Amino acid sequence: MQAWQVHQNGEPAEAMRLLEVDRPTPGDGQVLLRVRAANINFPDALMCRGQYQVRPPLPFTPGVEICGETEDGRRVIANPALPHGGFAEYAVADAAALLPAPDALDDAEAAALHIGYQTGWFGLHRRARLEAGETLLVHAAAGGVGSAAVQLGKAAGARVIGVVGGTDKVAVARELGCDVVVDRRSEDVIGAVKVATGGRGADVIYDPVGGEAYTQSTKVVAFEGRIVVVGFASGSIPSPALNHALVKNYGVLGLHWGLYNTKNPKLVLHCHEQLTELAARGAIKPLVSERVPLSGAAAAVQRVADGVTTGRIAVVPTLENGAAA
């Protein structure tokens, strides 16, 4: 089979190599899956660079989120068991963790429903306890992680403010359903959010960016507001001033979704059931901005790493042969 492998850490476009390799052999409790679509996540780029908290042994195949097909023809969502990741024609995954792919979504959309949407659901509902009528601020609202939070926020009845970088991303955020969109490149984020909330601030702030975005969050969080920290796409990890949280009476909540797979896996299944129901009634639909063949995976991962994409990019091996996604 064909698979992308990283033999030496570096930038994705340079570190990833497309090779002909043997199909992976499933271990105990694992299954072999034919990859129907693999969603690209920022952690894929970090793993190529050797900067992610999970460091699979070299060589490894990136790709942490797929829609795959079992030997008996079932369409499933899975997190491949590294080092046999999803940017390949076949991958392996833990049988107990397979989730049914929603009928309402195609392969690329189903592949993108898992990590970003689970993170959004746990962040907004389990951690921040978002309520209908509250104001939700989402940083990087046009990106893969942010777009999921926007849709989930709207589905929960929140008023959503999206912060993006660039006019093209402004348009995407509006199409996603943001009530207010702030372009950080041309507007003062703090001033714009204060105007949009009448000076009150946002009840819940969803931050996958860190750095300056987190600093802005502390300036515009409402009384009894909650800042949900889900990642540091900016590359800068902030150091919260706890005296500031005390004086303004807000909470800083960390979210590492992967922990639920070991600490409380039943909640992951419950979350998937909720997401499947939302997808069935059209309340959420992953924004897949691009579908690329397997040969285009490295360049696509590099674009995600460079922060120039909107929504999700899906790697679809069947596109290589001209088949539909």
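Where is Thr197 found? In this predicted model, Thr197 lies in the loop that runs between helix 7 (189-196) and strand 11 (202-207). Its relative accessibility is 14%, so Thr197 counts as buried. Leaving aside residues up to four places away in sequence, Thr197 touches Thr135, Arg159, Ile161 and Ala202.

The nonpolar cores come next. The largest nonpolar core holds 81 residues. Within this core, Met16, Phe122 and Leu136 touch the most other members. Residues up to four places away in sequence again set aside, Met16 touches Trp4, Gln5, Val6, Cys48, Pro62, Phe87, Ala297, Ala298 and Val301. In soluble globular proteins, nonpolar side chains tend to be buried together.

Val247 is a residue of helix 9 (residues 242-248). Val247 has a relative accessibility of 67% and therefore counts as exposed, the cut-off being over 50%. Along the chain, Val247 and Phe223 are 24 residues apart. Their C-alpha atoms are separated by 9.9 Å.

Helix 2 (residues 42-49) and helix 12 (residues 297-306) have axes that come within 8 Å. These axes cross at roughly 100 degrees. Angles of 65 to 115 degrees count as roughly perpendicular, and helix 2 and helix 12 are therefore roughly perpendicular to each other. Helix 2 contributes Phe42, Asp44, Ala45 and Arg49 to the contact, and helix 12 contributes Val301, Val304 and Ala305. Of the residues in this contact, five are nonpolar, two are charged and none is polar.

Conventions:
Residues are numbered from 1 along each chain as its sequence is written. This is a predicted model: local features need pLDDT of at least 70, side-chain atom pairs count only at pLDDT 80 or more; totals for chains, interfaces and linings use all residues. Side-chain values use heavy atoms; hydrogens and water are left out. Helices (H or I, at least four residues) and strands (E, at least two) are DSSP runs, numbered from the N terminus. Buried means under 20% relative accessible area, exposed over 50%, partly exposed in between (1.4 Å probe, protein chains only). Contact means heavy atoms within 4.5 Å. A nonpolar core is a set of buried Ala, Val, Leu, Ile, Met, Phe, Trp, Tyr and Cys residues joined through side-chain atoms within 4.5 Å. Axes are lines fitted to C-alpha atoms, for helices over the stretch in contact, and angles run from 0 to 180 degrees between N-to-C directions. Angles under 35 degrees count as roughly parallel, over 145 as roughly antiparallel, 65 to 115 as roughly perpendicular and the rest as oblique. Ala, Val, Leu, Ile, Met, Phe, Trp, Tyr, Cys and Pro count as nonpolar, Asp, Glu, Lys and Arg as charged, and the others, Gly among them, as polar.
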